[in-house]
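Open the model in your viewer and keep the selection panel at hand. The tour below goes from one selection to the next.

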Amino acid sequence: MKIAVIGSGYVGLMQAAGLADVGYDVLCIDIDKGRVDRLKRGELPIYEPGLGELVTKHVGARLQFTADYADLKDTDLFFICVQTPQLEDGTCDTRYVEAALSDVGGTAKPGALAVIKSTVPPGTLERFKSALNRSDVRVAVNPEFLREGTSVNDFFHPYRTVVGVERHEDADLLREVYRFIDAPFLAMNIPSAQMVKYASNTMLALRLSYINEIANIAQATGGHIKDIEQAVGMDPRIGSDFLRSGAGFGGSCFPKDVLALHVAGVEAGYTARLIAPIIDINNDQPGKFIDQLHETIHLEKGQKIAVWGLAFNKGTDDVRQSPAIKIVRELLARGVHVVAHDPQAMQNAHRELEGATGTEHLRFVAHKEEALASAEALLVLTEWDEYIAADFDVVKEKLARPVIGDGKHSLNHWVLRKSGFNVVGIGL
Ligand code: NAD
Ligand code: UGA
């Protein structure tokens, strides 16, 4: 069977390299020619632990890259993995998927199956069929649940595989393709499979905004959110995953998918009441974090602040919707001087912050310790292992004041307080 993966981003590259690793011949296409050229040389355009090794192992053999749709004419199975960003009004922008399907329609052989892995809302199937414009090529969906930073493990060991199909034969084909996965395989109709993806992301985001609200109340009433999270999470009916509060969640998916679900409901005639506040709460968290910091050190123009962590999550170079970027942006706007470090995301952060007010006072440093000298506080905004395991005696020596802002609530506050640090965060 010949498989093509459309798009070589976080999802497409993992899908292509993973399928090649289990023995399929995979052709991965991207319209970004520069990206394709780099991939052909085995260079990864993104940082994702373990993915580079997989690409290097198979590139030029079972894994090929191209920028030319004509190369896809013998393909049996297409996986569409292109971006679905957010439009101004919160709607999911499906135009990249439609463009990809239109190109697939122009080249696919009769009987091929086009499987959409991109996150697309229910109610979009007819739009995709008309973009494909081929009655002899079928459409299915197969939502992706991987997390950036742990993609390789998530690809080989997902909690479940979900497919949305119009014919049983298409589910059978996909079950066969994924036979190397030891997890439940669930086939359903297409709107249900699309909704599983949105319901999952929104549930996780709901937990995060919920625990952040509890942190906000704890802040006002004298509780310690870390103790509260631990005790609440010990109830197996609740569980401790995705119950870590902080300065808000980020990433390319939760913020846009939650809003897109809300808007899809409104467009279909139902205005949900529980979904939009998830985003409102999240949008306010970085500002609340800065308020806490301000209460402790009275932020002033020209003051120096050290920042460790710019990526939205550890294990990735992705800064899309990263709370760290929002916090740095606000500090710079207030005239504060920021010296920042991240083991992987500095290039993307630099691009993201270009042109922001006050960027002349932003400096990136290659070693995390370089950020500290005479800073009024250290803000740890991504929970990279190297930050959690840092030598905080050295940190204390270098800082002007022993103040640590923990944006991810991932540090050991008890130990830090014992060593004389003032730990700042929401509900801490
Ligand atoms: P991305 O932006 O990293 O990559 C998309 C790639 O597709 C880009 O390289 C782009 O050049 C390419 N592309 C766009 N149009 C094309 C076309 N017509 N033909 C060929 N290539 C084309 O996106 P991503 O983060 O991988 O996300 C892809 C989709 O998967 C989105 O719908 C997203 O919501 C969903 N998703 C993402 C993640 C994640 O962790 N990033 C997880 C689950 C689901
Ligand atoms: C998320 C989902 O976890 C994936 O299942 C899904 O496939 C993906 O979105 C997607 O659709 O793209 P991702 O955004 O890569 O994955 O990373 P997460 O680990 O979910 O983290 C998202 C954000 O939530 C991060 O900013 C993280 O720091 C934050 N978070 C996570 C918390 O603030 N607290 C927690 O307890 C957990």
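How far does a backbone N or O atom of threonine 119 lie from an oxygen atom of ligand 1? Select both in this predicted model: the distance is 2.9 Å.

A backbone N or O atom of valine 11 lies 2.9 Å from an oxygen atom of ligand 1, and for tyrosine 10 the corresponding distance to a ligand oxygen is 3.0 Å. Now display the surface of the ligand. Taken alone, ligand 1 exposes 840 Å², and the protein buries 92% of that area.

Next, select the residues around ligand 1. There are 27 of them, and those that come nearest are Asp30, Tyr69, Thr84, Glu148 and Lys256. Colour this shell by class: 11 residues are nonpolar, 8 are polar and 8 are charged.

From that group, pick threonine 84. This residue is found in the loop that runs between strand 4 (77–80) and helix 4 (95–107). Is threonine 84 buried or exposed? Threonine 84 counts as buried because its relative accessibility is 6%, under the 20% cut-off.

Show the side chain of threonine 84 and follow it to threonine 119, where the tour began. The side chain reaches the backbone oxygen of threonine 119 at 2.9 Å.

Finally, select what threonine 84 touches, leaving out residues up to four places away in sequence: Cys92, Asp93, Val97, Ser118, Thr119, Val120 and Lys256. Lys256 was also named among the residues that come nearest to ligand 1.

Conventions. Residues numbered from 1 in each chain as written. Chains lettered and ligands numbered in written order. Predicted model: local features only at pLDDT ≥ 70, side-chain atom pairs only at ≥ 80, totals over all residues. Heavy atoms only, no water. Near = heavy atom within 4 Å. Polar contact = N/O pair within 3.5 Å; in protein donor to acceptor, adjacent residues only side chain to side chain. Areas by Shrake-Rupley, 256 points an atom, 1.4 Å probe, with all protein chains shown as cover. Nonpolar A, V, L, I, M, F, W, Y, C, P; charged D, E, K, R; others polar. Helix = DSSP H or I, 4+ residues; strand = E, 2+ residues; numbered from the N terminus. Buried < 20%, exposed > 50% of the residue type's maximum accessible area, 1.4 Å probe, protein only. Contact = heavy atoms within 4.5 Å.
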